[in-house]
Amino acid sequence: MTEKAIDKIYIISLDWSDEHIASILKEIDKVGLPHEVPFEVLGIDGRKLTTHHMQLMGIEAYKDWNLNTSDVHVKDNANRYWQRDVTLGEIGCTLSHIAVWEDAYKNGYDNILVYEDDFVFEKPMDWSQLDKVKSMNYDLFYLGRLLQTGFQGVQDTPIDDMICKPGYSYQTHALLLSKNGIKKLVENHLDKYKKMIFVIDEFLPALYCETPRTDLNYIFEKDLITFALNECVGVQYRTEMYNNSLTQPHDI
């Protein structure tokens, strides 16, 4: 990181009302950023996309994502998220993140904080705890995530009592990206990803570790230097488990 810790905060949300944004900024205050940071709110509602929209944007869903209808075979295929096509909500969420990367890349930002609006910090963070990150050659740093321990061999590699190299993890609700990480995403992976979009939670791990989706291990180069907090500092309150996710299929 540079002396100025964060250049910009990107808030991904479909609700742009003043009241909602104020509540999000109050939540972000719990990160304990040491200075005022400009922010931008953006969000693409994938549920309103049509095939025509996607064609105009030059994007396609990953046609082999659904293991029931593709020729892809993986060793552990019990994951229910792999037994369906990519949803429009997942495409919208992914496009929101892509818009963040492209804007940060265009502006040459050194470090950004990406925050999805359904993440709640369970306790305030002491930003000074992350001083070590300033000296780390990181591309992606998770402030929150969910390690997928249900798969054999998935584990973190501890660096110290606070930071680890993460194993295969879901959720993209609170993370830092460096200038080099943004550059890798845009220059090394974006053209390919736009032609085979699938949920962002699966895309990022495919760039830093071996994942149970072995097809992705062959498709994408693992070039993203990634770290994470050992302890998750918050929770995501919109998930399919609660039947309130904006990315789940309409018939759930």
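**Inside the model: spaces and buried residues**

Modeller: Lining the largest cavity are His 97, Trp 101, Leu 175, Leu 177, Leu 185, Ile 200 and Leu 204. This is a predicted model, in which local features need pLDDT of at least 70, side-chain atom pairs count only at pLDDT 80 or more, and totals for chains, interfaces and linings use all residues. Residues are numbered from 1 along each chain as its sequence is written, and side-chain values use heavy atoms, without hydrogens or water.

Biologist: What makes a space a cavity, and how many are there of 30 Å³ or more?

Modeller: On a 1 Å grid over the protein atoms alone, a cavity is a set of points where a 1.4 Å probe fits but cannot get out, whereas a pocket is an open set with protein on both sides within 12 Å along at least five of seven lines; lining residues have an atom within 4 Å of a point. The structure holds 1 cavity of 30 Å³ or more, and the largest contains about 30 Å³ of space. That volume is the space filled by probe spheres set on the points, which are joined across faces, edges and corners.

Biologist: How is the lining of the largest cavity divided by class?

Modeller: There are 6 nonpolar residues, 1 polar and no charged ones. Ala, Val, Leu, Ile, Met, Phe, Trp, Tyr, Cys and Pro count as nonpolar, Asp, Glu, Lys and Arg as charged, and the others, Gly among them, as polar. Helix α3 (88-107) and strand β8 (169-178) each supply at least two lining residues; such elements are DSSP runs (helices H or I, at least four residues; strands E, at least two), numbered from the N terminus.

Biologist: And what is the volume of the second largest pocket?

Modeller: About 290 Å³. Of its 15 lining residues, the closest to its centre are Phe 151, Gln 152, Gly 153, Val 154 and Pro 212. Its lining has 5 nonpolar, 7 polar and 3 charged residues.

Biologist: Why is Tyr 170 called buried?

Modeller: Its relative accessible area is 10%. Buried means under 20%, exposed over 50% and partly exposed in between (1.4 Å probe, protein chains only), so Tyr 170 falls in the buried class. Tyr 170 sits in strand β8, and its contacts (heavy atoms within 4.5 Å) beyond four places in sequence include Trp 82, Arg 145 and Glu 202.

Biologist: How do you know whether Ala 5 is buried or exposed?

Modeller: Ala 5 has 2% relative accessibility, so it counts as buried. Ala 5 belongs to the segment before β1 and, leaving aside neighbours within four places, is in contact with His 35, Asn 111 and Trp 127. Ala 5 and Asn 111 are 106 residues apart in sequence, yet 6.9 Å apart C-alpha to C-alpha.

Biologist: What makes a set of residues a nonpolar core, and which members of the largest one touch the most others?

Modeller: A core is a set of buried Ala, Val, Leu, Ile, Met, Phe, Trp, Tyr and Cys residues joined through side-chain atoms within 4.5 Å. The largest has 51 residues, of which Trp 101, Ile 112, Leu 177, Phe 198, Phe 203 and Leu 204 touch the most other members. Helix α3 gives the most to this core, with 7 residues.

Biologist: How much confidence does the predictor place in the protein?

Modeller: pLDDT, the predictor's confidence in each residue from 0 to 100, averages 87, and 90% of the residues score at least 70. Residues 238-248 stay under 50.
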